[in-house]
Amino acid sequence: MGLLLKNGLILEKNDLIKKDILIEGKIIKKIQSNIDHDNHQVIDCKNHFVSPGFIDIHVHLREPGYEDKETISTGTKAAAKGGYTLVCAMPNTNPIPDCEKTVDYVLDLIEKKALIKVLPYASITKDQTNENKLVDMVNLKDKVCGFSNDGHGVQSTQVMYEAMLNAYKYETIICAHCEEDSILYGGYVHKGYKAKKEGWNGITSLSESIQIARDTLIAEETKAKYHVCHISTKEGVRIIRDAKKRGVNVTCEVTPHHLLLTENDVYDSNTKMNPPVRELKDKYALISGLIDGTIDMIATDHAPHTYSEKQKGLKEAPFGVVGLETAFPLIYTNFVETEIASLEDVIKWFSYNPAKRLNLEYGKLLPGRIADITVIDLHTEREINSDEFISKGKNTPFNNWTCKGWPILTIVDGKVVFNKGVFYE
Ligand SMILES: [Zn+2]
């Protein structure tokens with residue numbers, strides 16, 4: 001007896017075709033029109049879109065250490081509700097996974113508490129910021145999805161060079177938060193027209209682009225597998241486009257907020273994130289980069305904070321916004337409904353490309369593959385309301401935005417974990 005998804009619409013060459021999916025155990029057994037009920041447990045998908053499960057390679061689950069912001073349980077529930085079947089957790093927790101002991105500790109917590117699949121990153125350097133010591137990549141690489149100091153740019157060229165030499169040698173990936181600290185000058189928003197007008201301290205685009213330039217050159221020489229986190233600048237897009245043309249093993253991600261907002265949307269701490277949202281020219285460059293394949297995927301950089309932390313005002317509040325529960329509806333509504341991109345493009349950005357980059361056998365609905373699936377209602381229109389978030393973080397810049405494309409059913413390893421608002425642990 002298996003699980004039978006009846007009457008779902010599947011994407012085939014950018015057409016939505018009605019097909020049934022039979023799942024046995026963890027595996028997709030059959031995809032065809034009209035599979036018999038037999039003794040299967042049946043879920044009627046009622047002409048909703050059936051997609052490979054989403055993969056977000058950049059989230060902050062906050063546990064261990066910052067459970068008042070988010071836990072593995074609340075974060076992965078929020079992810080399941082957003083249609084995600086796998087997320088990659090950044091290492092800025094306490095302890096930081098930077099050695100075998102702490103990586104094992106984090107893996108154990110994930111095993112016990114996560115509703116969906118979670119792969120952790122280890123940091124690139126000890127304690128993330130201690131650039132005097134690289135982590136033991138060879139012993140950690142099989143336990144983690146990659147190495148990242150997210151939240152902190154690697155300041156030393158020598159350290160990044162040696163990290164990439166190791167990443168190439170040990171066949172793993174470096175995912176970099178690109179930020180040059182020496183030119184931050186206490187900035188907390190983009191250094192542009194709005195910051196000048198308001199008298200806010202700005203962060204120049206150069207603080208990101210200069211490290212993207214450095215790192216793609218290092219990746220070119222070392223042949224390392226290199227990924228740029230949350231790209232935000234037009235210069236960054238240009239550098240990566242050029243590097244890809246030269247055959248550098250580089251990919252990058254963009255967040256929904258960098259695709260949809262600019263400095264003009266910044267007014268309070270729920271629009272404060274790092275890197276900051278920038279100018280219209282940057283936003284257009286990011287959209288073009290996504291369309292032409294320079295940018296490979298969408299990641300949320302889901303960064304929950306407590307209400308009181310975010311109450312501190314634009315200057316003092318911590319950087320970051322949540323994203324797991326709104327990413328797909330925002331992108332579907334603002335890219336597919338507006339005909340900027342096809343549904344096929346969007347599924348590549350949310351599922352196929354991140355899976356491919358991490359060498360994971362996900363991202364496609366095919367017989368024989370693992371049944372990580374999400375079902376989406378493409379028609380019902382609803383307003384984003386942070387009071388309804390499962391995430392402990394309510395810090396979204398998108399409250400009251402009206403969207404279509406709401407995930408309604410999430411299946412991980414053939415098992416329903418989220419169905420019409422209810423979680424199954
Ligand atoms: Zn970051």
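I began with the largest pocket, which holds about 510 Å³ of space. I keep the terms here: on a 1 Å grid over the protein atoms alone, a pocket is an open set of points with protein on both sides within 12 Å along at least five of seven lines, a cavity is a set where a 1.4 Å probe fits but cannot get out, and lining residues have an atom within 4 Å of a point. A volume is the space filled by probe spheres set on the points, which are joined across faces, edges and corners.

The model is predicted, and totals for linings use all residues, while local features need pLDDT of at least 70 and side-chain atom pairs pLDDT 80 or more. Residues are numbered from 1 along each chain as its sequence is written, and side-chain values use heavy atoms, without hydrogens and water.

I found 26 residues lining the largest pocket, with R62, N92, D150, G151 and F319 nearest its centre. This lining divides into seven nonpolar, 13 polar and six charged residues (Ala, Val, Leu, Ile, Met, Phe, Trp, Tyr, Cys and Pro count as nonpolar, Asp, Glu, Lys and Arg as charged, and the others, Gly among them, as polar).

Next I looked up the second largest pocket, whose volume is about 410 Å³. Its lining has 19 residues, and L11, P52, G363, K364 and L365 are the closest to its centre.

Last, I noted six cavities of 30 Å³ or more. The largest cavity holds about 80 Å³, and its lining divides into 11 nonpolar, one polar and two charged residues.
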